Amino acid sequence: MALMRSLLGAKKILGAVTSKRATSAAPKGFLAVYVGESQKKRYVVPISYLSQPSFQALLTKSEEEFGFDHPMGGLTIPCPEDTFVNVTSRFQ
C-alpha cells in the first residue's frame, strides 16, 4: 500500500513539473530542481530519481512547504544543498 502511494505521489509530482515551462528548463528525461534554504541553486536531475524513496521524502517536504506552484519553473526543495547532494549521491 505504501509503495502504491509513493508511486502515485511520484506521478502527481511528475505531472506537476512537466508543464511547458518546466520541461523547457531541462532536457527530456530530466527535471530541474532548485535546492537550498535561502539561496537556491539549480540542479538538473534524472526523472528516475522520482522512484527513490529518499528523493520522494525530499519532494514530500517540498510539497508541504511550497505546494506544486513553483514560480522558478522547477521543483523547489527546501533543504540544505549538502543534504541534497548527500542524498542524491547514493542513487547509483
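This passage looks at a strand and its partners, and then at a group of aromatic rings.

The model is predicted, so local features need pLDDT of at least 70 and side-chain atom pairs count only at pLDDT 80 or more, while totals for chains, interfaces and linings use all residues. Residues are numbered from 1 along each chain as its sequence is written, and side-chain values use heavy atoms, with hydrogens and water left out.

Strands are DSSP runs of E with at least two residues, and helices are runs of H or I with at least four, numbered from the N terminus. Strands pair if DSSP finds at least two bridges between them. β1 runs antiparallel to β2 (residues 41-46), joined by 6 bridges, and tyrosine 34 has arginine 42 as its bridge partner in β2. The two strands form a hairpin with 5 residues between them, where glycine 36 in the turn has a positive phi of about 140°. With β3 (residues 75-77), β1 pairs in the parallel sense over 3 bridges; here valine 35 stands opposite isoleucine 77.

Turning to the rings, the whole structure holds 5 aromatic pairs (Phe, Tyr or Trp, the latter by its six-membered ring, with centres within 6.5 Å; planes under 30 degrees apart are stacked, over 60 edge-to-face, the rest tilted). Phenylalanine 55 and phenylalanine 84 have ring centres 6.4 Å apart and planes at 55°, so this pair is tilted. Phenylalanine 55 lies in helix α3 (residues 53-66) and phenylalanine 84 in helix α4 (residues 81-88), 29 residues apart.
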